[in-house]
Amino acid sequence: MNRISFRQGMLLGFALIVLLLGGAAVQSWLVVEQLVEQSRRGSEQAIQLTAAIQELGERTVDIERSARQYLVLDNPVFRQRFDEHLTQSLAVVDRLDGMAAEPLLPLLGGWRMVAEALRSGLEQNIPQAEIIPLLARMAELNDLLKQGGQRWIEAQNRKSLDELEVNRLRLGGRIGLALLGALLVALAIGWWLVRPVRHLEQAIIRLGASRFDEAVKVGGPADLRQLGKRLDWLRQRLAELESDRERALRHVSHELKTPLTALKEGISLLREEVPGPLASGQREVVEILQHNVRGLQEQIESLLTLNAAAFEARRLQIAPVRPRKLLASVAQRRELHSQSRQLNIVVEAPEEQAMLDAEKMTVVLDNLLSNAIDFSPEGGEVRLVASHAEGLWRFECIDQGPGIADEDRQRIFDPFVQGQREAPAPRQGSGVGLSIVRELVRAMGGAVYLLPQAAGAHFCVEIPDEQ
C-alpha cells in the first residue's frame, strides 16, 4: 500500500466498492431469474396437471357411456370404443404419473386397478350389477384426483412462497453484507487518504505559526509522502532562514549598541562639562544629542524585544489555567499604573478551566491593558472580559479612550506603528507592543483584531480551546 499513489488508492477503493455492490447485484439478478424460472415451471406443471385431470374426467365419461351401451346392446362397436377410451385414459394416467405428484400416485394406482377390473369384467361378461360399482368407483377416483391435484398445486404454491421468502432473506443478508463491506472499504480508504491530508494541514499550520521544531511526517499514498518530505525540506529551510534572521538581528543590534553606549557616555561627559564649560548653544546641542541617543536606544531595545517575542512564540507550554484568575493577575500587575490614572479595572470571566499558554497570554493581556490605561481618561473604566463559546476562548480589552483612527486600523499591529491619536497623558512607547501581541496570538493558533466601537478601543483575542 505504501507504493500506491493517491489517485491509484482512490481508483482501488472505487473498484472494490463496485465489485462488492456489483457482485450483490449479480447475485440478486441470478436469484430473481431462478425464482422466475421456478415459478414458470410450477405454473406450467399446474396447468398440465389440471388439464390432464380434466381430460381424464372427460375420458371417464366416455368410458362409462360406451360401457353402458355395450352392456345394453352387446354391440362390438361399443366394445371397441370402450377399449379406445380406456387406452387413452390410461395414457393420461401415465402422463399424470410422470408429473411426480406424489399425493396422486396412490389414486392413480387405484384408477389403474379399477380400469383393469372393468376391462376384465367386460371380457368375461360379468353381470351389469358388478360393472356399475366399478364405473362409480372410477368417477369417485376422478373426483379424488381433482381434489388431490388442487391440494398439490396449493402445496407447491406454498412451497414456492416459502422458498421465495428464504431467498428474499438470504438476498437481503447478502446485500446488507455487500453494503457493509462497501462502507468498510470506503472508511478504510478514507482513513488511509484523509489521515495524511490532515497531517499535511497540521504541518502547514505549524509552519504558518513559525513552529519549525517538529519534523513533518506524512504516511499514506506515495505522492502524499513525497509531498510530506518536500514540506519537511521547506520546514528546515524556513528554520535556517529564521535562524539567520535572528542571528543577523542580534549581530546588528549588538554592533549598534556598542558605539551607542560610547556615544551615550561621551554625551554624558559633555553634559557634565568634564572637558570644560559649555556655552548655552553648546548645551542645547548636547541636550538634543542626548534625546536622540535615548530614542535610538529605545528603538534598538524594542527591536530586540520583538525578536525575542518571535523566538518565544514558537515554544508553547499549554497547561490548564483559569481565565478569571489570569485576568485578575494581569489587572493586579497594572494596579499602580491604573491607580495613577484613577482608573477602575473591571474583570469579567467564567469560573471555567482552559488549556492555554498562561505565560504568553499574560504578555498579550498585559500589553493590551497597558495601552488601554495609557489612552483612558482619568476616572474612566477599563474592562477585561473572557468568554467561552464554540470551542474558542475570547478575551476582550475595552477602554473609554479616544480609540483608533480609521486610517490606523489596518496597520495598528505592524511593528513600530503608533496611532495618530495621542494619549491623554505623556507616554513612552516604541510601537511594538501590539506586534508582540499578534505574534504570540498567532503562535497559539488564534487571532487578534480590533472591533468597531463608537468611543474607545475594543481589542478582541480568540484562542482555540483545544491546542
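The legends below describe close-up views of a predicted model.

In this model, local features need pLDDT of at least 70 and side-chain atom pairs count only at pLDDT 80 or more, while totals for chains, interfaces and linings use all residues. Residues are numbered from 1 along each chain as its sequence is written, and side-chain values use heavy atoms, with hydrogens and water left out.

**View 1. The open sheet of five strands.** The strands follow the order β2-β4-β5-β7-β6 with mixed pairing, where strands (E, at least two residues) and helices (H or I, at least four residues) are DSSP runs numbered from the N terminus, and two strands pair if DSSP finds at least two bridges between them. The edge strands, each pairing on one side only, are β2 (344-348) and β6. Strands β6 and β7 run antiparallel and are joined by five bridges, and A447 stands opposite E462 in β7.

**View 2. Glutamate E396 in strand β5.** E396 belongs to strand β5, which covers residues 392-398, and it is buried, with a relative accessible area of 14%; buried means under 20% relative accessible area, exposed over 50%, and partly exposed in between (1.4 Å probe, protein chains only). The side chains of E396 and H458 are joined by a polar contact of 2.7 Å, a term for a pair of N or O atoms within 3.5 Å of which, within protein, one must be able to donate a hydrogen and the other to accept it, while residues adjacent in sequence count only if both atoms are side-chain atoms. Leaving aside neighbours within four places in sequence, the residues in contact with E396 (heavy atoms within 4.5 Å) include R383, L451 and F459.

**View 3. The largest nonpolar core.** A nonpolar core is a set of buried Ala, Val, Leu, Ile, Met, Phe, Trp, Tyr and Cys residues joined through side-chain atoms within 4.5 Å. Of the 39 residues in the largest one, M361, L368, F395, F459 and V461 touch the most other members. Helix α9 gives the most to this core, with seven residues. Beyond its neighbours within four places in sequence, F395 has contacts that include P323, M361 and V461.

**View 4. Two loop residues with positive phi.** Most residues other than glycine have a negative phi. Q342, in the loop between α8 (335-340) and β2, has a positive phi near 60°, and this residue is exposed, with a relative accessible area of 56%. E390, in the loop between β4 and β5, has a positive phi of about 55° although it is not a glycine, and E390 is exposed, with a relative accessible area of 82%.
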